[in-house]
Amino acid sequence: MNASAYPNTQTQLEGVANTLKQGGVAVFPTDTVYDLGCSIKHPTAIQRIFKIKNRPTDQTLPMLISRPEGALEMTELRDRDLEILKKIWLIFLFFSGSFC
């Protein structure tokens, strides 16, 4: 197994971050499986994940954001929706939205 597949140094983490910022796709471990990730700001990378996973584009992907207001940058939310997200943010760590 290639040790670089498990970033554990600041330099390696910065390399992964740069790959994502440049429109690349990264593989990362979760608590149970490996998954794919990319920057939502790169539509071609999102399409690449659909292609890699052989996933129909009508099946949305989860969107991971760091704060409720981040959802406003990527989706159309009503004020009420944002207020609900702010109230439950500590309970739910991700917001799933359609972006394709």
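Searching the whole structure turns up two salt bridges (a side-chain nitrogen of Lys or Arg within 4 Å of a carboxyl oxygen of Asp or Glu). This is a predicted model, where local features need pLDDT of at least 70 and side-chain atom pairs count only at pLDDT 80 or more, while totals for chains, interfaces and linings use all residues. Residues are numbered from 1 along each chain as its sequence is written, and side-chain values use heavy atoms, with hydrogens and water left out.

**Salt bridges**
- Asp35 pairs up with Lys53, their closest N and O atoms sitting 3.3 Å apart.
- That pair links distant parts of the chain, 18 residues apart: Asp35 is in strand 2 and Lys53 in helix 2 (helices, H or I of at least four residues, and strands, E of at least two, are DSSP runs numbered from the N terminus).
- Asp81 bridges to Arg80, with 3.9 Å between the closest N and O atoms.

**Nonpolar cores**
- The largest nonpolar core has seven residues: Val25, Leu36, Ala45, Ile46, Ile49, Phe50 and Leu61 (a core is a set of buried Ala, Val, Leu, Ile, Met, Phe, Trp, Tyr and Cys residues joined through side-chain atoms within 4.5 Å).
- Helix 2 supplies the largest share of this core, four residues.
- Another core, of five residues, lies apart from it and includes Met63, Ile65, Leu85 and Trp89.

**Around Ser39**
- Ser39 sits in the loop between strand 2 (34-38) and helix 2 (43-53).
- Ser39 is buried, at 17% relative accessible area (buried means under 20%, exposed over 50%, partly exposed in between, with a 1.4 Å probe and protein chains only).
- Leaving aside neighbours within four places in sequence, Ser39 is in contact with Leu20 and Ile46 (contact means heavy atoms within 4.5 Å).
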